Amino acid sequence: MDKKTLYDCIEKNKDVLIDLSDHIWEFAELSMLEYKSAEYYCQLLENLGFTVERKLCGIPTAFSGSYGSGRPVIGLLGEFDALDGLSQQAASAERRAFSAENTCGHGCGHNLLGTASLGAALAIKEAIAAGELHGTVVFYGCPGEEGCAGKAFMARDGMFKDLDAALTWHPGDTNEVTTGSNAACLQYIYSFTGLSAHAAGDPWDGRSALDAAELMNVGVQFLREHMERKASIHYSFLDVGGISPNVVQPTASVLYMIRSENVRKAKALKKRVDDIAQGAALMTGTSVTQRQLDGTASTLSNEVLEKLLYQNFLQAPLPEYTPEEWELASQLKATFTDTGLPGKCTADYPEVKAAVMEKSDGGKKALNDFVIPYVHANSYASGSTDVGDVSWLTPTAQFTAVTWASGSPGHSWQNVSLGRSSIGYKGVLLAAKVLAGSVADLMEDASLLQKARTEFNVSAAGGYDCPIEKGVIPGPQVL
């Protein structure tokens, strides 16, 4: 089909998409607490003619909207959760809170992410309804990406395994197809229990849970020397047993985030952390229990789908920015330290580096108004995403589109600012067009899906090792 039809549909519904994005931006709800956002999506999907299923896998804010019949069945992933501490006024280059009541903000741009995926699903729906495409498109409302791993819980219950392919994107500072892999991650709370006592009168009768937690942290610090280079461990105190220093603290708990190259290695590393926790309890005469919050798998790259996304990046019209947009981006760029050229693979590939150097004016441009050349790479990102869990169940690929100033730090107020601006909106429309064009190609060319599946069968031959234990219930990260 003529992809201009898809692009025109997205442009025709621009106001609907911007309104959606702005509502989600203003709701700014934390992981697994996105009740307003989820209901707004569901009502909009129903109004647009999609068949909506709510509370997928028993998760109150997980849902889907589908249209069409038969195969292929293509999934588009959407996210819509926010982060705490990032309330920020829109389209502003100054740090100013948007709301005194709600301290949250979309520092990862998820108000934009879900909107573009829905925009693509809508364009495909219209093409199916007109008889130009055949198959089924499913928009997945995936909650809790920030610290609750909604997709991993959905994957544990087999949600994505019947798809022929899944596509998604992420707001960013580059127009770039994502390649390579990233870390698997496990999150556990270690809780120590001791005995309280007067810290001066009879400390010998006390057993300090806080001592145990601190000893655990010291033990893990020594473990760092003996971990593989792609592994990392982070922690934060959740409970320090109270604020009175003259009391032996009877309780303490620490949240640990344990990352490694894949789920198997992350689980092995966690076993060593478990041993350290038990040792700390033994040294202090306390006891320790643990509870899993969530986990995510590493991501499987799919070169066939990545190349498809890149081709559609080259076909879709890129945004043109106004002088006012360039000025706003420049003002924001001046608020953070930006080092190096844009692009995740730029430094490792001379041909990519040369192109990016030229098109970004040596990294000086405030907006990267070009597509970074694609290379299929075995690169490794130290962060984690629950998109990885989807990639173990069906061929999956993703990309970033420009919604932020070049070099903008992740999870920042600067990203919240541009998330409700004409710069962010233009990124949404571009991402929707790239996604829609790619889905159309998959529906029209069965050989693409077959090639993607063949590659997937090789890369996923070891099977999906779910990072989340049976019995762990998905929920808000209220600790």
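**View 1. Strands E3 and E5 run parallel and are joined by 3 bridges.** In this predicted model, strand E3 covers residues 73-78 and strand E5 covers residues 165-172. Leu76 has Leu167 of E5 as its bridge partner. Strands of a sheet pair through backbone hydrogen bonds, and the pairing is either parallel or antiparallel.

**View 2. An open sheet is formed by 7 strands.** The strand order is E1-E2-E4-E3-E5-E13-E6, and the pairing is mixed. Strand E1 (51-54) and strand E6 (176-177) are the edge strands, each pairing on one side only. Helix H3, residues 35-47, packs on the sheet. H3 touches E1, strand E2 (63-68) and strand E4 (136-141), and the direction of H3 makes about 155° with that of E1.

**View 3. Ser21 lies in helix H2.** Helix H2 spans residues 14-27. Is Ser21 buried or exposed? Ser21 has a relative accessible area of 1%, so it counts as buried, the cut-off being under 20%. The side chains of Ser21 and Asn111 are joined by a polar contact of 3.1 Å. Leaving aside residues up to four places away in sequence, Ser21 touches Asn111, Leu112, Thr115 and Gly419.

**View 4. Helices H6 and H7 pack at an angle of about 140°.** H6 holds residues 209-223, H7 holds residues 263-284, and their axes are 8 Å apart. Because of this angle, H6 is oblique to H7. The crossing of the two helices, H6 and H7, is right-handed. Residues making the contact include Leu215, Met216 and Gly219 of H6 and Val273, Ile276 and Ala277 of H7.

Conventions: Residues numbered from 1 in each chain as written. Predicted model: local features only at pLDDT ≥ 70, side-chain atom pairs only at ≥ 80, totals over all residues. Heavy atoms only, no water. Pairing = 2+ DSSP bridges. Helix = DSSP H or I, 4+ residues; strand = E, 2+ residues; numbered from the N terminus. Contact = heavy atoms within 4.5 Å. Axes fitted to C-alpha atoms, helices over the stretch in contact; angles between N-to-C directions. Buried < 20%, exposed > 50% of the residue type's maximum accessible area, 1.4 Å probe, protein only. Polar contact = N/O pair within 3.5 Å; in protein donor to acceptor, adjacent residues only side chain to side chain. Parallel < 35°, antiparallel > 145°, perpendicular 65-115°, else oblique. Left-handed = near helix turned anticlockwise from the far one by under 90°.
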